[in-house]
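Here is a colleague's note for someone opening this entry for the first time. Please read it with the structure in view.

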Amino acid sequence: MANATTDAASDTSTLAIPVHVSYIQKLGESQDDLMYHLTSHLRLNAVYWGLTALCVMKHKEALEREQLIEFVMSCWDEKAGAFGAHPRHDAHILPTLSGIQILVMLDALDRLDAERVISFIFSLQSPTGSFSGDRFGETDTRFCYCAVSALSLLGVLDRLDKDRVVGYIRRCKNFDGGYGSDVGGESHASQVFTCVGALAILDRLDEVDSETLAWWLSERQLPNGGLNGRPEKLEDVCYSFWVLSSLSILRKMTWIDGSALERFILSAQDMEAGGIADRPGDMPDVWHTLFGVAGLSLLGYPGLEDLDPVYCMPTDVIERRGLRKAWLALPRREM
Amino acid sequence: MMEGKIDLVLSGRDSARTRTHLALQSSATLSVMHGIKRTKVDAAAIAARREKEKEKLRAYLESEKEILDLKEANEWSEAALQLTEQFLNTNPEHYTIWNYRRDIFTKLVFVSWTPEDAYQRLVLDLRFTTSALKRYPKVYWIWNHRRWCLENTPSGPGTEPDSKGEEGIDGWKMAVWSQEVLLVEKMLSLDERNFHAWDYRRYILSHCPPSLRRSDADELAYTTRRIEKNHSNFSAWHQRSLVYTSLWKEDPSQRAPALDQEFELVKNALWMAPDDQSGWLYHRWLVGSGDDVTILEKEIGVIEELLEVEPESRWTLDTLVYYKRLLMKHRSEQGKRQLVEECRRSLETLCRIDPMRRRRYEDIGATL
């Protein structure tokens, strides 16, 4: 059991940036740990989560740029022409988006054989408009988002048959305004983000039943301030991003209680070892750390960098590429 | 960036085994965790655990390297098939090794083995994924592999001769597909909201051989059982809305009688637990766009009765405001004014009892 903690360590009223930065820096040092290797299928994604969290906390330099680029490039699958999650792993659209996002954030896209990645992505689109994750053909609205976001970051969205993708997303829409993992799938906040995010990038938010969806999203907030991903489920810090980003794209962030959510996210911090967990008292991980600080950034928490809710990347990076959409987050508060 | 939460094997709520496994780890590893209590672990304890795990780790990395070497050497062999199975037993998230396994099937099993042997091997893979799913019910890659096995089952003998006296060729396919509904029901009885299992259920129902198709009536009965077991199971309500949509598309005349029955069913759920969202969401689906004024008026009446018993029930008030806004479209100016007044009063109460969503109520009030 946990020992009694000191007052300073248990005071979660502010974001403990220095411990979280050091937590992310140390993530790569656990190579003696079996668990580190058991999660290699998520490594490139995890690097994206860590780097983005650092950018939001204004500590991008905490990870060494050249090392990051080298690691991204070591995940290249020469046979398929895209990124795997780890050196020697097969290409898949999920780590491929992570790889592109990292290179964009590090201003290193010139290292990428963009034409090969673009062909890889287009090879995954089916005649129905859906995208699969790799050559084995599993489809999911997550993969649509990955494809649309990646093509947009690479500046080749004009080559995509947008109506076909939009048609597929339309078929995934449910009566509650939300979206599921595929046609017929139950609405789920993270799949809502992927569909709404993709439609935002495609400038097709007219497809969204905005009032119904914002109503459903605002009903994700529970009395303790946290958000859940589906009706009658438990709260979890990662929905701070999936729900908030969607509400922010719909310009309805005020439909939930931002202060209560902020307190909930902060209470899930590990003030000693660093990192943010799914909920208070649980083990932290880099995934919840990113989506916790991402939520705080959208909520206007003082001292953080603006985060673009459509791309889940720093706003200035997206603005520089001329990709900013008409989302609305809460104004940044003074310290 | 997307998959972690949903994709993680190691999302611990599902099995005690995973939980113990995860509890072993330090807070500094790169994994995604759910519901694992934080404990204070000092450096000495971490070092001791790492020492203990050293052998396991060495064996794991050695086995991974051996398999990836074989894969890169394009070796398609039965020995490699066995190695991948052992490895995936330890780590079912390693998608590259699942891919390699399927490539061995395609390049060796399906081309060099007898169809009978290939079929038997696929049956073993189905068994393997069944036991893996029991341990890791939320790992995408296991569900995917299962679909792949079903879709790649070769044609084989065993079905009754058809009308022309020719023996059927779907015996093997029928044998494998016929197990799937049972499997998915087992998975849903372990976790009634597991969306992987629900997605898989819909896949099975729509892709199985035609003679195994379940009728919409059977599927409806299944959702009734799930809902009666727990009214709060929105996944089952959602499935029910899909079944009716398909039924009514085929035979629109069934809609009106079914609606009466459905309103009665959901009314029971709402009266039993007016704070539970599941029934309210389904009710909104039944009312739909509110073009049927008779239904709209009748249901507003039913919900107002509930409000008398539960005057501060948030969902009751919120639903009334929504339905009255739909009803306004069908009213004259005077009737509309009265509805606006009623909505305003409800919205005021909502602002007071549910301050978290106050801005939503104010925004709606401003549109009246």
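Predicted model: local features only at pLDDT ≥ 70, side-chain atom pairs only at ≥ 80, totals over all residues.

1. **Chain B overall.** Chain B has 18 helices and 0 strands. It counts 368 residues, and 34% of them are buried. What share of its contacts between residues at least 6 apart in sequence joins residues at least 24 apart? The share is 52%.

2. **The contact between the chains.** Chain A puts 72 residues into the contact, and chain B puts in 58. On the side of chain B, several helices give two or more residues each, among them H1 (4-7), H5 (95-112), H12 (234-250) and H18 (358-367) of chain B. Which helix gives the most to that side? H3(B) does, with 7 residues. By class, the side of chain B that touches chain A has 21 nonpolar, 20 polar and 17 charged residues.

3. **The largest nonpolar core.** This core holds 113 residues. A:Cys144 and A:Ala147 touch the most other members. Helix H4 (residues 43-56) of chain A gives the most to the core, with 10 residues. Leaving out residues up to four places away in sequence, A:Cys144 touches A:Ser130, A:Phe131, A:Val165, A:Tyr168, A:Ile169, A:Thr194 and A:Ala198. A second core is separate and has 33 residues. Its members include B:Phe87, B:Tyr95, B:Ile97 and B:Trp198.

4. **H4 against H6 in chain A.** H4(A) also packs on helix H6 (residues 93-105) of chain A. The angle is about 35°, and the axes are 8 Å apart. The crossing of H4(A) and H6(A) is left-handed. From H4(A) come A:Leu44, A:Asn45, A:Val47, A:Tyr48, A:Leu51 and A:Cys55. From H6(A) come A:Leu94, A:Pro95, A:Ser98, A:Gly99, A:Gln101, A:Ile102 and A:Met105. The contact of H4(A) with H6(A) has 9 nonpolar, 4 polar and no charged residues.

5. **H10 against H12 in chain A.** Helix H10 (residues 189-201) and helix H12 (residues 239-249) of chain A pack at about 35°, with axes 9 Å apart. Their crossing is left-handed. The H10(A) side includes A:Val192, A:Phe193, A:Val196 and A:Ala200. Among the residues they meet in H12(A) are A:Tyr239, A:Trp242, A:Val243 and A:Ile249. The residues of this contact divide into 9 nonpolar, 4 polar and no charged.

6. **H11 of chain A.** Which residues of helix H11 (residues 210-218) of chain A are buried? They are A:Leu213, A:Ala214, A:Trp215, A:Trp216, A:Leu217 and A:Ser218. These buried residues pack against H12 of chain A together with H18 of chain B. **H16 of chain B.** Helix H16 (residues 314-328) of chain B has 15 residues. From first C-alpha to last, H16(B) reaches 21 Å, close to the 21 Å expected at 1.5 Å a residue. Its buried residues are B:Trp315, B:Thr316, B:Leu317, B:Asp318, B:Thr319, B:Leu320, B:Val321, B:Tyr323 and B:Lys324. The cover over them includes H14, helix H15 (293-309), helix H17 (333-353) and H18 of chain B.

7. **Positive phi at A:Arg88.** A:Arg88 is not a glycine, yet has a positive phi of about 75°. A:Arg88 is found in the loop between strand S2 (82-83) and H6 of chain A.

8. **Positive phi at A:Cys312.** Phi of A:Cys312 is near 50°, again a positive value in a residue other than glycine. A:Cys312 lies in the loop between strand S5 (307-308) and strand S6 (313-314) of chain A. A:Cys312 has 24 C-beta neighbours inside 10 Å, so A:Cys312 counts as buried.

9. **B:Gly335.** B:Gly335 is found in helix H17 of chain B. B:Gly335 counts as exposed because 12 other C-beta atoms lie within 10 Å. How far apart are B:Gly335 and B:Glu62 in sequence and in space? The two are 273 residues apart in sequence and 77 Å apart in space, C-alpha to C-alpha.

Note on methods
Residues numbered from 1 in each chain as written. Chains lettered and ligands numbered in written order. Axes fitted to C-alpha atoms, helices over the stretch in contact; angles between N-to-C directions. Helix = DSSP H or I, 4+ residues; strand = E, 2+ residues; numbered from the N terminus. Left-handed = near helix turned anticlockwise from the far one by under 90°. Contact = placed C-beta atoms within 7 Å. Nonpolar A, V, L, I, M, F, W, Y, C, P; charged D, E, K, R; others polar. Buried ≥ 20, exposed ≤ 12 C-beta atoms within 10 Å, placed from the backbone. Expected span 1.5 Å × (residues − 1). Core = buried A, V, L, I, M, F, W, Y, C linked by C-beta atoms within 7 Å.
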